[in-house]
Amino acid sequence: MLRHIIRERENWRTKADEFGFKFHTMYGEAYWDESAYYQLSLRQIEEDLEDPTRELHQMCLAAVEKVVADEYWMQKFRIPRPFWDWILNSWRQQEKSLYSRLDLAYGGIGPAKLYENNADTPTSLYESGFWQWLWLEDKVNSGEISRQADQFNSLQEKLVDRFRLMKLEHPGETLHFSCCKDSEEDRGTVQYLQDCASEAGIENRFIYIEDIGEGEDQVYSDLQDQVITWMFKLYPWEFMLREEYGSILPHAGVTWMEPPWKAILSNKALMPLLWKLFPGHPNLLPSYFEEDLASSGMTSYVKKPIFAREGSNVSIHIDGSVMDSSEGPYGDEGFIYQEYWPLPKFGRNHTLIGSWLVDDQPAGISIREDAQRITQDLSRYIPHIILD
């Protein structure tokens, strides 16, 4: 695995505006960074990333099976009791998932290590499925990258195919898409998914989360008073379950993407459970709940909130000292403790790989890097290629 410096495309910002990539720069800082790219071999992709992603995903599904029918684990995952049966039924009925992303520490040597599972509201989808592929095409056509180069990236194709299959189960239905009003990145991600759904022939509408209405008959409606029966929401289940309108979720008659059982996979409590179910697995890191930390023997670990987003409220502890930390609004529900496994460094950059799944199948990778140890929302996105 190599990091190469390369010339930026002269017109890429203009092209980004044309293609609706509005969040390539956020708060005055570069988010999309094409001054460099990562090169991986086909073996590294297939054996070190794709195969483990497939296996880890199946292990995560086994964890869901254990949690949904066990009161002890539902409490450990901080799932509100009124939603237990609803989430169990969602799992038993095999409600369809669209996509997810596993965050992995991998630098080209040794097994990839799972940091966490972004199974409910993963972002960086547009730049992974479309924009970095467009970058590769431009660079190959300009002669700056070999025509033999490829990219681990079937995201867009798999998303469209997945939507086509879902359409068969919802003939004639409108698919509503939603996110919060205060995030241009979230809106861009949702717009990309709307485009994929449109390509699959699905009629769709957009509504902000804040504008969803609650009808008299325990239904949700949009601003045109159309009842919502099928919805993709880029909004975490742990928030939804605690909203004022959350009480009618089990009775509203909505098919959700992601389905309610994803509240288990997107939860950091998943990591201690995986370690309990699959101790010593080469792609897992020892992880524990707070009550088990003292007996774990770990002296270097990462403290993570059970509910958190974008690397918030994470702290790195090494031999009794806090070496790094991030601020944020999370942590009231408790923390888990995961063995400290530093991200690989390329120069001054700490590099994290996101491994995508669509329809339970590996679909590509994204790469983020930061000068800091903790990857957060403004960490730079760097494209990649496959070339032996």
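**A helix, a strand and a cavity**

Author: Happy to! Let's begin with helix α6, residues 155-169: at 1.5 Å a residue, its 15 residues should span 21 Å, and the end C-alpha atoms lie 22 Å apart, which agrees. Keep in mind that this is a predicted model. The buried residues of α6 are L155, L159, V160, R162, F163 and M166. Looking down the axis of α6, you would find these buried residues within an arc of 160°, so they line one face of the helix.

Now compare a strand. In β5, seven of the seven residues are buried, so the strand is largely enclosed by the rest of the structure. In a regular strand, side chains alternate between the two faces of the sheet. Here, Y99, R101, D103 and A105 point one way from β5, while S100, L102 and L104 point the other way.

What pairs with β5? Strand β19 does, in the antiparallel sense over six bridges, and D103 has G354 of β19 as its bridge partner. Strand β6 (residues 113-118) also runs antiparallel to β5, joined to it by five bridges, with L104 standing opposite L114.

Finally, β5 (99-105) and β19 (349-358) each supply at least two residues of the lining of the largest cavity. This cavity has a volume of about 50 Å³. Its lining includes Y99, S100, L357 and V358, and the lining residues divide into four nonpolar, three polar and three charged.

Technical notes. Residues are numbered from 1 along each chain as its sequence is written. This is a predicted model: local features need pLDDT of at least 70, side-chain atom pairs count only at pLDDT 80 or more; totals for chains, interfaces and linings use all residues. Side-chain values use heavy atoms; hydrogens and water are left out. Helices (H or I, at least four residues) and strands (E, at least two) are DSSP runs, numbered from the N terminus. The expected span of a helix is 1.5 Å times one less than its number of residues. Buried means under 20% relative accessible area, exposed over 50%, partly exposed in between (1.4 Å probe, protein chains only). The arc is that of the directions from the helix axis to the C-beta atoms. On a 1 Å grid over the protein atoms alone, a cavity is a set of points where a 1.4 Å probe fits but cannot get out, and a pocket is an open set with protein on both sides within 12 Å along at least five of seven lines; lining residues have an atom within 4 Å of a point. Grid points are joined across faces, edges and corners, and a volume is the space filled by probe spheres set on the points. Ala, Val, Leu, Ile, Met, Phe, Trp, Tyr, Cys and Pro count as nonpolar, Asp, Glu, Lys and Arg as charged, and the others, Gly among them, as polar. Two strands pair if DSSP finds at least two bridges between them.
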